[in-house]
Amino acid sequence: MKNLLIISPTFVPNNAVDMHRVRQGVNYWKDFGWNPIIVGVEPNFTEFPKEEILLKTIPNDLEIHHVKAFSTKYTRKVGLGDLALRSMYFYRKKVNQIIRQKKKEGNPIELIYFSTTVFPICVLGAYWKKKFDVPYIIDMQDPWHSEYYLSRPKSERPAKFWFSYRLHKFLEPIAMKKVNGIVSVSEGYCKTLQERYQNITPHNCITLPFGAFDKDFEVAATLEYQNPFFTQNEGNINLVYAGVAGEYMRTSSSILFEVIKKGLIEKKELYSKLKLYFIGTNYDPLNPVPRLLTIAKEFGLESIVNEHVKRIDYLKVLNILQKADGLLIFGTIDKDYTASKLYPYILSKKPICAVFYEKSSAVTILRKTNAGVVIPFLEEKYNQEKIQEAYQIFTDFLGNIVQKPKTNWQEFEPYTAKEMTRKQAEFFDKIIN
């Protein structure tokens, strides 16, 4: 059994999006010849919500180590809140100890795997590779250094964009020029890195989205949770979108809002039953403002749109999905954008309507598995002819909302967490060999 050291700063019981690949994978790594060893930041040093029940979704015998981080009580005084930068010193010290100890025991660390979106921590891969000759792989769940916001208005840029842009531009090459392999949720991310760094090639890149993990629904079903957002069977059609949202979803959300506005005029009896719930749309605790409701107001739809900006527990979200009449997914104009929520949506076995960029992998998956309907778009501007097509798709979706999706589960099998972990294991074997 080969030792796989996994760097996951926001591991459970944190309720953080970027730890789910690791959380799912630890249930299967041993099946494929790898022994996972987790190194995370002590939960009380992170600023993510805690969800203790997630501990029921990982093996009891999983080896987990924790490191400290400098407290934001002091670091924010100098404008520093980034978890990677606050924990880097402690990570270096702890992992040095682990690598030395495992080597002394005759069972060395074969590979280091960074799976996180707090990307600055990945520079330690180059350090450990030089010091201990241990190869490392980085999981690209989002772009690290990106030029995307340079072309956007300043009003659309994230907070502290000036600092983060320059920091990532400086740190990314340090990690990437020595990396042994890349796992990515998007083929586009791999291509971008291959263009930037000569050592990154199609041979040492693999594209793997997050997997579908049915155990989550088993645990979610045990929750005694009263859905606070809507009541079932009151004659309404309750549609739910759960997850972060922003101005980058303006195109997709505007298409749907324009369709609904049209439907309220042409098919009032059907469309007047609509209630839209957007849950957990803003991860910024310092600026918890609505994201999608703001756009909906431009179409005069604020009476049917309810937005709860604060995140709620992941398993509670799954519980809500199963009580909804249907589910919505919004994409972006970035063709490389993939929605990690897609697989839990499919596993919920609820009708799905996705508004996505035509060339997104999510569109391919939904069509291949027959798990939902798609309203596709190719550009920011969406003409009236396309609106009419979208209107017909969405109207048919609402008209058949009581029917369960006829999902092709055989086609869905390659997207399960176990299958994704198997592919990762094969890739890791190739890298170390």
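Does Y357 count as buried or exposed, and at what relative accessibility? Point 5 below comes back to this residue. Welcome to the structure; please keep in mind that this is a predicted model.

1. Seven strands build it, in the order β3-β2-β1-β4-β5-β6-β7, with parallel pairing. At the edges sit β3 (63-67) and β7 (205-207), each of which pairs on one side only. Neighbouring strands are turned by 20° against each other on average, direction ignored. Helix α6 (residues 187-196) packs on this sheet and touches β5 (136-140), β6 (181-184) and β7. The direction of α6 makes about 160° with that of β7.

2. Next, have a look at strand β4 (residues 109-115), where six of the seven residues are buried. Five bridges link β4 in the parallel sense to strand β1 (residues 2-7), and here N3 has I109 as its bridge partner. Together with helix α4 (residues 123-132), β4 and β5 make a right-handed β-α-β unit.

3. The largest core has 101 residues, and L239, V240, L274, L328, F394 and F428 touch the most other members. Leaving aside neighbours within four places in sequence, L328 is in contact with residues including L239, V240, Y345 and F394. There is also a second, separate core of 41 residues, with L83, I109, I112 and Y197 among them.

4. The aromatic residues are worth a visit too, with a count of 25 aromatic pairs. The rings of W29 and F428 are stacked, because their centres are 5.3 Å apart and their planes are at 15°. W29 lies in the loop between α1 (20-25) and β2, and F428 in helix α16 (residues 417-432), so this pair ties together parts that are 399 residues apart in sequence. Both W29 and F428 are buried. Y357 and F377 form an edge-to-face pair, 6.2 Å centre to centre with 80° between the planes. As for the opening question, Y357 counts as buried because its relative accessibility is 13%, below the 20% limit. F377 is buried as well, with a relative accessible area of 2%.

5. Finally, W29 and F428 belong to one aromatic cluster with W34, Y113 and F427.

Notes: Residues are numbered from 1 along each chain as its sequence is written. This is a predicted model: local features need pLDDT of at least 70, side-chain atom pairs count only at pLDDT 80 or more; totals for chains, interfaces and linings use all residues. Side-chain values use heavy atoms; hydrogens and water are left out. Two strands pair if DSSP finds at least two bridges between them. Helices (H or I, at least four residues) and strands (E, at least two) are DSSP runs, numbered from the N terminus. Axes are lines fitted to C-alpha atoms, for helices over the stretch in contact, and angles run from 0 to 180 degrees between N-to-C directions. Contact means heavy atoms within 4.5 Å. A nonpolar core is a set of buried Ala, Val, Leu, Ile, Met, Phe, Trp, Tyr and Cys residues joined through side-chain atoms within 4.5 Å. Buried means under 20% relative accessible area, exposed over 50%, partly exposed in between (1.4 Å probe, protein chains only). A crossover is right-handed if, with the strands pointing away from the viewer, the path from the first strand over the helix to the second runs clockwise. Rings of Phe, Tyr and Trp (its six-membered ring) pair if their centres lie within 6.5 Å; planes under 30 degrees apart count as stacked, over 60 as edge-to-face and the rest as tilted.
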